[in-house]
Amino acid sequence: MLKNIDLGEITPENQPKVIFFDAVGTLFGVRGGVGEVYAEQAKQFGVDIEPELLEKCFIDSFRAAPEAAFPHATPDQLARLEFDWWEAIARQTFHQANVLHHFPHWGDFFTQLYHHFATAAPWDLYPDVYPQLQRLQRLHIQLGVLSNFDSRLYSVLKALKLDHFFSSVTISTAVGAAKPDPHIFTVALAKHQCPPHQAWHVGDSHKEDYL
């Protein structure tokens with residue numbers, strides 16, 4: 001969360017040209033956890049399952065999935081590839097929870113679930129985010145989002161009223177490389193014509209954001 005940034009350390013001498021932020025886990029998080037959201041959505045299709053079980057199965061499925069990056073995709077292919085990537089994770093999650101066969105129309109369920117995460121409904125904006133971004137904006141520091149996310153991030157940022165803070169959004173699916181691959185950082189820096197030593201990056205993952 002952004003409260004971990006000591007803005008008092010920003011001086012005219014060390015002020016960065018741009019600060020990049022990770023999205024999920026840094027600016028906002030899943031309300032109640034992925035398991036709870038999955039369980040709520042499944043209940044609408046007549047499938048009752050414990051959120052705790054879905055949470056565990058989701059974590060296992062997510063960790064086993066390949067990177068959310070499609071280096072050879074054309075812009076026309078991207079939306080389908082993103083959808084299919086998440087469908088495979090959700091399918092494995094409910095399969096591991098032994099309830100996949102309870103869905104009479106899995107495709108209808110997953111389509112609703114997928115688009116649900118493009119809205120503000122499943123997300124909690126951390127309370128310290130807005131005032132911190134406002135303060136950084138007043139310092140005339142360029143701000144960008146740099147995330148292993150998909151194209152729904154644009155809708156989420158708009159729904160959470162964050163989009164106006166950021167002059168760039170860089171996502172792994174479109175770049176074809178996921179953090180901590182240096183290429184995604186290079187792409188983000190180029191959008192601001194900024195050398196690495198004049199940029200900061202803020203995130204919640206030691207592997208993806210720090211390394």
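Mentor: A salt bridge is a side-chain nitrogen of Lys or Arg within 4 Å of a carboxyl oxygen of Asp or Glu. The model is predicted, so local features need pLDDT of at least 70 and side-chain atom pairs count only at pLDDT 80 or more, while totals for chains, interfaces and linings use all residues. Residues are numbered from 1 along each chain as its sequence is written, and side-chain values use heavy atoms, with hydrogens and water left out.

Trainee: What makes Asp84 and Arg80 a salt bridge?

Mentor: Their closest N and O atoms are 3.1 Å apart, and the definition asks for a distance within 4 Å; therefore the pair qualifies. Asp84 and Arg80 are four residues apart in helix α3 (residues 75-96), about one helical turn. Here a helix is a DSSP run of H or I with at least four residues, a strand is a run of E with at least two, and both are numbered from the N terminus.

Trainee: Why is Asp84 called partly exposed?

Mentor: Buried means under 20% relative accessible area, exposed means over 50%, and partly exposed lies in between (1.4 Å probe, protein chains only). Asp84 has 35% relative accessibility, so it counts as partly exposed.

Trainee: How do you know that Lys56 and Asp60 form a salt bridge?

Mentor: The closest N and O atoms of Lys56 and Asp60 are 3.2 Å apart, which is judged against the limit of 4 Å. This pair is also four residues apart, in helix α2 (residues 51-64). Asp60, at 31% relative accessibility, counts as partly exposed.

Trainee: What do the side chains of Lys179 and Asp22 tie together?

Mentor: Lys179 and Asp22 meet in a salt bridge of 3.0 Å, N to O. Lys179 lies in the loop between α7 (172-175) and α8, and Asp22 in the loop between β1 (18-21) and β2 (28-30), so the pair ties together parts that are 157 residues apart in sequence. Lys179 is buried, with a relative accessible area of 3%, and Asp22 is buried at 5%. Both residues also belong to a network of salt bridges with Asp209. The whole structure holds seven salt bridges.

Trainee: Why is the peptide bond from Lys179 to Pro180 worth noting, and what is its omega?

Mentor: Most peptide bonds are trans. The bond from Lys179 to Pro180 is cis, with omega near 10°. Pro180 is in the loop between α7 and α8.

Trainee: What is the phi of His140, and is His140 buried or exposed?

Mentor: Phi of His140 is near 60°, a positive value in a residue other than glycine. Most residues other than glycine have a negative phi. His140 is found in the loop between α5 (129-138) and β4 (142-147), and it is exposed because its relative accessible area is 71%.

Trainee: What is the phi of Gln193, and where does Gln193 lie?

Mentor: Gln193 has a positive phi near 50° and lies in the loop between α8 and β6 (199-202). Its relative accessible area is 70%, so Gln193 is exposed.
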